[in-house]
Structure formats: C-alpha cells, structure tokens
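This report walks through a structure made of more than one part, taking a few features in turn. Please look at the sequence and the model before reading on.

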Amino acid sequence: MNIVKPAESEYQNCMRCGLCLAVCPTYREYLNETASPRGRVALARKGLEGQLALSPNLIEQMYGCFDCMACNDICPVGIRPADLALSMRHFDEQIHPEKWKQWLFGGLIAHARRMELATLPLRLYERLGIRRLVYMLGLNRLLPGRIRDLEAMLPRIPQRPLRRILPRVTKAYGEERYRVGFFLGCAQSLLFASQSAAALRVLARNGCTVITPKEVKCCGMPARSYGRMDLVKEQARHNIKVFDGLNVDFIITDCATCGSTLKQYGSFLADDSEWAERADRFRIKVRDISEFLDEIPLRKPAGRIDDKVTYHDPCHLRRGQNVWKQPRKLLSLINGLEFVELPEADWCCGSAGSQLITHYDASRKVLDRKLDNVEKTKAHILASGCPGCQMQLTTGLKRRGLSVRVVHPVTLLDESYGGANGK
Amino acid sequence: MENRTIERFARIVGRDNVLSSPEDLAAYSYDGTFFEGVPELVVLPQTTEQTAEIVKVAAAGRIPVIARGMGSGLAAGSIPIPGGGVVVCFTRMNRILEIDVENSAARVQAGVVTSALQGEVEKLGLFYPPDPSSIRHSTIGGNIACNAGGPRCLKYGVTSNYVLGLTAVLADGRILKTGGKPIKDVTGYNLTALFASSEGTLGLITEALLRLVARPRYVRTALVEFDSLANASRSVNAILEEGIVPASLELMDQTAIACIEEAMHLGLRTDVEASLIVETDGSDEQTVVREIEAASRICRAAGARSARVAWDEAERTGLWAARRSISPSLARKAPNKLGEDITVPRGAIPEVVERLKAISSKYGLPIVIFGHAGDGNLHPNILFDKRKPEEYEKVEQMVREIFTAALELGGTLSGEHGVGVLKRPYLEQALGPVSVDVQRSIKHSLDPMNILNPGKIFEIKD
C-alpha cells in the first residue's frame, strides 16, 4: 500500500522563530516546548527524517494538539503546525492501524442510525427521569470527577433525534427566495435538536425552502482527528453524492466543526481525479448558518431579549472558516440584547473534539482560562455556534456554579422571532 | 545522564518539572537559529531556591548548566554545545511579584513574558519600553541575559537601562542579589550591568527588579515609502538632525516589504525600494503630531514617494505586527537565512547600506536589509540554501565581510542578539585581545569549572 507522508513543505521551512508559542493554548498551560506548535513541528520533522524514532510518545505529542489552528494563523512562513499534527496522525495510523478506530469511525459514527441506537441509553436516562433522580439523591456527587464532568457535559437530551422528526422539506414561510440544503450534524441531531430546529425556522422565516437529507453521514472530522483520512474521504464522497442530487444553491450547517470540514472536501479529494471537481463544486456552496444569514436580507426580529450576551469564537468557525463578524452581527440585531465582547474570545475552550476526554487535564486548564474571561464579562448568556464548545462551556460553568446560559446565536435569533409559535 | 542524578533533580523541582524523554530533549535542542545541540535533561524550576539547588547538584557532577527561556534567541545562546548538560528552563517561573507604582518599579520572575509584563504595567499608567520583536515569545530573563533591544531603543534605550537589580544563582549555587529600587547606586561595581548581556555564562538570572516610566499617552506612526533605498537611509539622519527623537525609526527594504506583504496582506506597496516606519510618542498630543508631520515632511524633501500617518490603532498595530514578522517571513524567499545584527554609528547608515549591497552583488546571494536604522542597528539577512555547499561557503565569507564593514565604520558585531555561538569566531576581531582577556578572567573567577553555558561568547579552551 502507498503510505501518505506529510510533505516536506509542511515542515521544512519552519524558522523556529517561536511566534506560535504566544498563541498556543497547550503551550500556555504547560509552558513546555514539547507541548508547543514549534515543538511538534520539530518532532514531526525529526521523526520523518529519521533523527528520532516514530515512537508512541512522539505520536502522542501530535494528539496533544487541540487543533485550534491559532498557530496556522500566526505563522509568518505559512507553516500550518496544527494541520501537520493531523497529517502525522494520519501517517502513523497507516503504519500502526488500530482496530477500534475502524469500528468507531467507520462502523458507528459514520452511520446516523447506529449512533441513534447507541445513544438510546442516554435518552432513556433522561426520559425515564433517572437523571433527575440521580441529581435529587445527589448520586452524581458519588461519581469520580472525570465521569461526573462527562455526565454534566450532556445537555438535556432530546427525546428523539432531530433527524427522526424533521421533515425532509421545510417550506419557506411566505415567498420562496432560496432553495438550500441543510447538513444536520450528528451532535446537533442527537444532543442539540432544539437548536437545529430553531435554525431551520429562522431559515424558513427568511424565505428559504430547506431540504434536509436524512441519509448524510458524519462530516468526517472525528475520523480525521484520529488519522483515518480514508474514512473521511469515503464519507466526503457519500455526502457530496447526497447533495448533488438536491439541486440546492447553498449547503448550510449550524455546526462549526461540520462546516469547516465540509469546506475542506475540495482539498481532501483534490488528488482524486474522479471527485476533485465535484468536491470543489460542493465546497463552494457550503455556508455556516451565520455566514449565510449575513449574506441575505434578514427580517428584523420583533421580539426582545433584555439581557447581556457575550460570544465565544469556536476555532472551527473563527479560523476554520474565517467567520467571526457574522454571528456578532446577528446578535446585534436582537432588540434589548446587550452585547459585550469576551476577552480572548477566539482562544480555544479546550473542548477540541475528544481531547476533553483523552486529554482531560490539559482540556480543563484551557477551559479555566476561558471561564475566567466569561466571568469578567458578567454576561448571563454565552453564545457559540459549536456543539463541542457548548458542551465544554456548559460543564465548566456548572462546575463553577455560574448560571450562564450557553446557546447557539441563531437560537437567540429564533427566540426573538417568537420561536416555534412566532410568525 | 544517570538515573540517580535525574532523581536528585526531580527531588528538587518535582517529577513534573523534569523532562527526559528523547522527544522532550529534542524539543529543547534548538532556538531561533538553525543550530542544534541535544541536552541530557531539562528541568523547570519554580523558585530561585530550587534553581540554586539545581546548580549545586550540577556543580557536584560538573554537569553543564544552560539557562533557557522561550528559546527565541538569534545567536544560539541557549543551545547545549558541544551537546549534553542540563537545560534550566525558566518558563514556569512566570510570576509578576510586585508592581510598585510609587517608585515606578516591577519585581518579576525570570520567566515572565515581556508583553505580559507590559500589559500589566500599562493598566497602571506605567510603561516598560524595551520591545524586542519577540515580545510575545521571549522572557524577561532572556531579554536581560542578552540585553535585548527593539525599535523603541532609539528613544528609550535597551533592556539593561531598565534593570535596577537582579537575583542570580552563581556557579557554586550561591544566590547573588544586586541593585535595588533607588535609581542612583554607585556602591561597588555595577554587577547588574555585568550580568545583563552575560548570556547565562556568569550566573542564572532568576528574578529582576525593573525600572518603569510613565506611559506615553499619545502615539503616532507613519509609513514612509521611498523609490530609493539610499534616500531612505539618508532620511534617517535628516530626521534626527532636526532635533526630533522619534520613539522608533525602522528601515525595511523591498524584499522585506514583499515578504511581510505576502505573509500578512496589509496592502503594502511592494514596488517601492524601501520604507521607513516612524513613530513619535509623548504626553502632549500636539507635540507628538507636530513631530510626526515634521518627520514626514523631511522624508518627502529627501525624496520619499509618500508619507502617511496610520489611520487608527488597528492600522498601527498591523504595521508593527508586520515589522515583527519580517525576520521569520523571509523563509518564504529561501530555505535558509542568516540574520546579522550589526550596529554602526548612525551617521554611517547610508554607507553601510551601500556596502551591504556591494557584498550581496559580489557573491550573488541576496541580502535583505531591515532594522532599527535610527539607532544604527541593522539586520542584514543573507538568504541561501544550506543544502548547496557552495552557497554555504559564500555565506561564511559574506558574514566576515559584513562584520569587517561594520567594524571599519566604527560599529560592532551585535546590537541586541548577543554573541552566543554564531558570533564567537569574530569576538577578538571586534574587541581586541585585551578586552577578551579581561572578559575571560571575569568568567573564570565566577565560574572556574566552566559549567555555566560553556562554549558561549568564548570558544572552549582545552
């Protein structure tokens, strides 16, 4: 088999200036060169050039990166250390494949139906009132810290996944001005169903007929994080095929991670002659929901939210898609809502996909910095358009005993339109 | 390194603050240059006392001790050569211990990041002027050990001008305290000045007492573009001769401008041969504005194509971010670069610029010129490809000629990077045998076993 190796251009020209150390969340917590972008680039290079063994510890440093991409942004040479860490995971995975990844990313996560079954116990936990009971009896406090955090991280789980409830076609309220596709992400469907339902209402209210294909697979980010580019490409081809048949002008998602991944389908499939062009056509249609809403004339919401809101930039939105003005603009449309800028708003929250579980301590340290900043704003609402960030932030706030509502900015917009009952 | 020795270090600083895996050691084998040397161990102390204990253990085993901060140095000063030894990394000693507003002083641990300190003191209306391009990724300890400069040195002076006192661990583990809050202090030798720019060869700086000044309330920054590099360098002196002392007066040539434009997309014009960034500051807005306008006028009279004052704070910050990125962004033009740091009396700036151009065309390798023209400190960067042996050979000859040019014009090798390894071979040419001999005696009396950053500044004698 042909093993795909990170290209020389991905590391060769690092001048070791150290600018990236200033913006790296893991470096900032550990103050250790090994946990810095420059360190990871040096290790990758030495590993690839044979000066160091490709040891488990070397690869572990690549998994220590939170992929917040701040280093990609600041590098004056154009090296992308965060991308290189992902390329190294991919490289290693081809040499040392791990069975559980095939099972998890290929067998389970890729299939919406199987994920729904797998998460059924969680829904029962919520639905049968076990969760309430656990909290009433204080049983949650008996759990060890890490498990307790994971339990707390679960949002109020919807009774049914949104994918099962949502109609395939949501008609525009009033005159149809756009025909758009909606990419319903796994986390949104399984855990944040009400937010995506709200997003669809906002689109429909603004003249969109929305088609939500149910047969989409996972966007591919989890597989990418674990070095399974083969699965990412398989999922990409599947999703491109699904949307190709729909005849839509835009492909919209309300998940920062899905959006940034979908927008990369073009580069993922660039050397696949059969798919490159299709992937490129797909890619240019993709919009984050706040990005799309900013491009079209919006109905001014009639309702009010008299409260103070702040906004956390998800890495996959701020740097993954260069979308950061738009969500702030949406929030400013809402009557009564006072916006206060979050200090270091674009600093990673430490969720980083699964790192919050696999790199629990680092994740918590990064989160603490974020929470300190949230506290400074004295806001009661923290808006952020990423399910990963939302879970992480909610847990942290709960742990500190702060009553701050964490919510997707478009959900707030929906509420100011009157929500499900609004006109 | 023997496990027993590693254990002794671990008992001092705790297991989490000792790094010994091959990956960790590799990550501590470099700095901001292309030099490398792998240490045997990395320890990250949290207090002066721990540092003293570390040095005692090292001294007992005659183990070299290499002080390091964030590793942004440009002279290979914090790299273990000829390999081995223990790197003492101060990044986890990053507490600001005191900001004394009444006496305009700050007491900090060595690992405090320079821009973090600046941010804190500015909240209180105070100002810590030294601003090396690495302000966000270098530490106070490293800044002092290399006597770092930066654009603002023209008006405000270099790091050592702001060091009131130091705490340093000596080669035998004793703790030395120098200076204090009084501004005037002539009681005995000026050891504070001696340790500033000692590059970790005389002791390990663990704490510093820094002098602060009042924060200038107004700042104006202008970008001046020239069709001729010679005119740009002549304008530098024309401005200063008018009695205007800008905070900064930075020169960058066409290649430097092209590189930062490519990296940062600021909309800089890349068809000009050189630009100056001029910044004036002070507590009186009218004076600050009048000075920047006068500087712009002088530049225009000297042939500038345009002179424009930054519109707002965002544009100003953008300009400075760009200026700070020049050095690394040169990697876009060639696989390797060697950045020099010569300083000449500022009257000689036009002359040295011409000589640099001549050296470049003689050898056929580009020299990018930028730097703090106002204080005579330039960073000629030779672009080359290390994989081509004939190019590397040329680079060595070019470096020699650049140094010779600087010395002939009454200048010196390094304005703010330090000697480290890179400028070591030229030390005697620059200083003469007597000065080198005196410096070696100082080194020997403070570190007779030569365990503190051996091989830096001076070659190791057998």
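## Two domains of chain A

The C-alpha centres of domain 2 of chain A and domain 3 of chain A lie 22 Å apart, where the domain bounds come from an automatic or database domain assignment. This is a predicted model, in which local features need pLDDT of at least 70 and side-chain atom pairs count only at pLDDT 80 or more, while totals for chains, interfaces and linings use all residues. Residues are numbered from 1 along each chain as its sequence is written, and chains are lettered from A and ligands numbered from 1 in the order in which they are written.

The assignment divides chain A into domain 1 (9–95), domain 2 (162–294) and domain 3 (300–421). Between the last two of these, 26 residues of domain 2 of chain A are in contact with 24 residues of domain 3 of chain A, a contact being a pair of residues whose C-beta atoms, placed from the backbone, lie within 7 Å. On the domain 2 side, the elements that give two or more residues are α12 (186–191), α13 (193–205), α14 (221–225), α16 (256–262) and α19 (289–295) of chain A; helices (H or I, at least four residues) and strands (E, at least two) are DSSP runs, numbered from the N terminus. The largest share of that side, six residues, comes from α13(A). The residues of this side of domain 2 divide into 12 nonpolar, seven polar and seven charged, with Ala, Val, Leu, Ile, Met, Phe, Trp, Tyr, Cys and Pro counted as nonpolar, Asp, Glu, Lys and Arg as charged, and the others, Gly among them, as polar.

## A sheet in chain A

Chain A has an open sheet of five strands in the order β1-β3-β2-β4-β5, with mixed pairing; two strands pair if DSSP finds at least two bridges between them. Its edge strands, each pairing on one side only, are β1 (169–170) and β5 (286–288) of chain A. Strands of a sheet pair through backbone hydrogen bonds, either parallel or antiparallel.

Strand β2 (residues 178–182) of chain A runs parallel to strand β4 (residues 250–253) of chain A, and three bridges join them. Within this pairing, Val180(A) has Phe250(A) in β4(A) as its bridge partner.

## Chain B as a whole

Chain B contains 15 helices and 20 strands, and its C-alpha trace spans about 70 × 60 × 45 Å along its principal axes. A compact globule of 462 residues would have a radius of gyration near 23 Å, and chain B, with 22 Å, agrees with this; the radius is taken over C-alpha atoms, and the globule rule is 2.2 Å times the number of residues to the power 0.38. In chain B, 53% of the 462 residues are buried, a residue being buried if 20 or more other C-beta atoms lie within 10 Å of its own, exposed if 12 or fewer, and partly exposed in between, with C-beta atoms placed from the backbone.

The largest nonpolar core has 260 residues, of which Val65(B), Val88(B), Ala208(B) and Leu210(B) touch the most other members; such a core is a set of buried Ala, Val, Leu, Ile, Met, Phe, Trp, Tyr and Cys residues joined through C-beta atoms within 7 Å. Leaving aside neighbours within four places in sequence, the contacts of Val65(B) include Val55(B), Val88(B), Leu204(B) and Ile451(B).

## Where the chains meet

The contact between the chains takes 28 residues from chain B and 24 residues from chain A. On the side of chain B, α2 (22–27) and α11 (313–329) are the elements that give two or more residues, and α2(B) gives the most, with five residues.

## Selected residues

Thr114(B) lies in helix α4 (residues 114–123) of chain B, and it counts as buried because it has 26 C-beta neighbours inside 10 Å. Beyond residues up to four places away in sequence, Thr114(B) touches Ile135(B), Ser138(B), Thr139(B), Ile140(B) and Asn143(B).

Most residues other than glycine have a negative phi, and most peptide bonds are trans. Asn247(A), however, has a positive phi near 60°, and it counts as exposed because it has 9 C-beta neighbours inside 10 Å. The peptide bond from Ile81(B) to Pro82(B) is cis, with omega near 0°, and Pro82(B) lies in the loop between β3 (65–68) and β4 (86–89) of chain B.

Key
Contact = placed C-beta atoms within 7 Å.
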